Amino acid sequence: MTRIVYVNGDYVPEDQAKVSVFDRGFLFADGVYEVTSVLEGKLLDFAGHARRLERSLSELDMAAPVSMEALLDIHRELIVRNDLTEGMIYLQVTRGADADRDFAFPDPEKVPSSLVLFTQAKSIADSPAAKKGLRVISIEDQRWARRDIKTVQLLYPSMGKMMAKAAGCDDAWMIEDCHVTEGTSNNAYIVKDGKIITRHLSNEILHGITRAAVLRFAKEAQMVVEERAFTIDEAKDADEAFITSASTFVMPVVEIDGAALGDGKPGPVAARLREIYLDESRKTAL
Ligand code: PDD
């Protein structure tokens with residue numbers, strides 16, 4: 001089955017999906033994106049992703065190409081056309097294709113922003129990694145300072161993934177001033193004496209949609225949550241650790257820089273939160 005992709009108003013087979021070489025996403029990484037998970041053919045937390053997209057666009061003075069209602073329709077149409085039961089929908093908005101390469105933004109009246117969406121099938125709920133847990137390394141955080149905007153400039157996170165791979169690990173946690181910011185494409189958490197600790201929201205991290213849901217569920221389940229920066233040494237000494245993202249939900253971390261956490265197996269808090277997240281998200285998926 002050929003994947004059907006959405007490009008600026010059209011649903012086309014993936015080999016016919018094209019954007020201009022002058023697109024500012026291609027030339028300047030002048031674009032933002034969202035990844036929304038799909039479970040049993042339904043979208044998880046679409047409203048949260050739509051809100052964050054609007055915020056990313058407004059922080060960069062970029063026009064929304066279509067309304068958020070229209071975006072929901074496009075997501076649903078792609079699920080149907082691609083018969084997607086589980087995985088993600090990737091959405092990208094760029095500042096469009098100007099006549100030439102120019103650092104200055106084009107006039108949005110003359111150059112419309114461009115919109116691309118595609119599906120990616122993936123087994124997230126029954127991921128074997130959730131039973132094994134991830135091994136991570138720490139690396140210096142060398143990204144730009146507005147990590148709260150979900151831009152497509154992902155070269156450093158890609159390099160981080162490759163550094164992790166080269167070390168025989170799964171992912172990298174990024175460190176700034178001895179404190180963990182986040183994973184290459186996920187939010188980072190540790191658990192110490194039953195307390196869930198994760199970095200507070202600021203421009204230094206992406207405001208994860210899964211993070212918001214998981215912290216809400218944790219508080220509803222009477223778990224103690226502390227939103228503050230934690231050091232990499234604190235993380236290595238934690239009872240357990242985990243990450244969250246739309247493409248992994250809640251995923252345990254069992255090793256940091258070669259140091260096993262607890263007994264080196266996925267911890268009970270991560271397992272419980274993963275279960276709650278799956279149950280609750282199924283209820284509100286649309
Ligand atoms: N990444 N932090 C970073 C740097 C991320 O790239 C992501 C998501 C998150 C988690 O956000 P959310 O819970 O809203 O998915 C945190 C997506 C999945 C990606 O780039 O594929």
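Trainee: Which side chain makes a polar contact with the side chain of T244?

Mentor: In this predicted model, the side chain of T244 is joined to the side chain of Y189 by a polar contact of 2.8 Å.

Trainee: And where is T244 found, in which strand?

Mentor: T244 belongs to strand β13, which covers residues 240-245.

Trainee: Is T244 buried or exposed?

Mentor: The relative accessible area of T244 is 1%, and because buried means under 20%, T244 counts as buried.

Trainee: What is T244 in contact with, leaving aside its neighbours within four places in sequence?

Mentor: With those neighbours left aside, T244 is in contact with N186, N187, Y189, T210, R211, V214, F249 and V250, and Y189 is also the partner in the polar contact described above.

Trainee: Changing topic to the ligand, which residues come nearest?

Mentor: There are 19 residues around the ligand, and of these Y33, E182, I209, T210 and A246 come nearest.

Trainee: T210 again! How many Å is its side chain from an oxygen atom of the ligand?

Mentor: An N or O atom in the side chain of T210 lies 2.6 Å from an oxygen atom of the ligand, while a polar side-chain atom of K150 is 3.3 Å from a nitrogen atom of the ligand, and a backbone N or O atom of S185 is 3.3 Å from a nitrogen atom of the ligand.

Trainee: How much of the ligand's accessible area does the protein cover?

Mentor: On its own the ligand has 480 Å² of accessible area, and the protein covers 90% of that; the space that the ligand takes is the largest pocket.

Trainee: Which elements give two or more residues to the shell around the ligand?

Mentor: Those elements are β3 (31-39), α2 (46-59), α6 (209-220) and β13, and β13 is the strand in which T244 is found.

Notes
Residues numbered from 1 in each chain as written. Predicted model: local features only at pLDDT ≥ 70, side-chain atom pairs only at ≥ 80, totals over all residues. Heavy atoms only, no water. Helix = DSSP H or I, 4+ residues; strand = E, 2+ residues; numbered from the N terminus. Buried < 20%, exposed > 50% of the residue type's maximum accessible area, 1.4 Å probe, protein only. Polar contact = N/O pair within 3.5 Å; in protein donor to acceptor, adjacent residues only side chain to side chain. Contact = heavy atoms within 4.5 Å. Near = heavy atom within 4 Å. Areas by Shrake-Rupley, 256 points an atom, 1.4 Å probe, with all protein chains shown as cover. 1 Å grid on protein atoms, 1.4 Å probe; cavity = no way out; pocket = protein on both sides within 12 Å on 5 of 7 lines; lining within 4 Å. Sits in = over half its atoms within 2 Å of the grid points.
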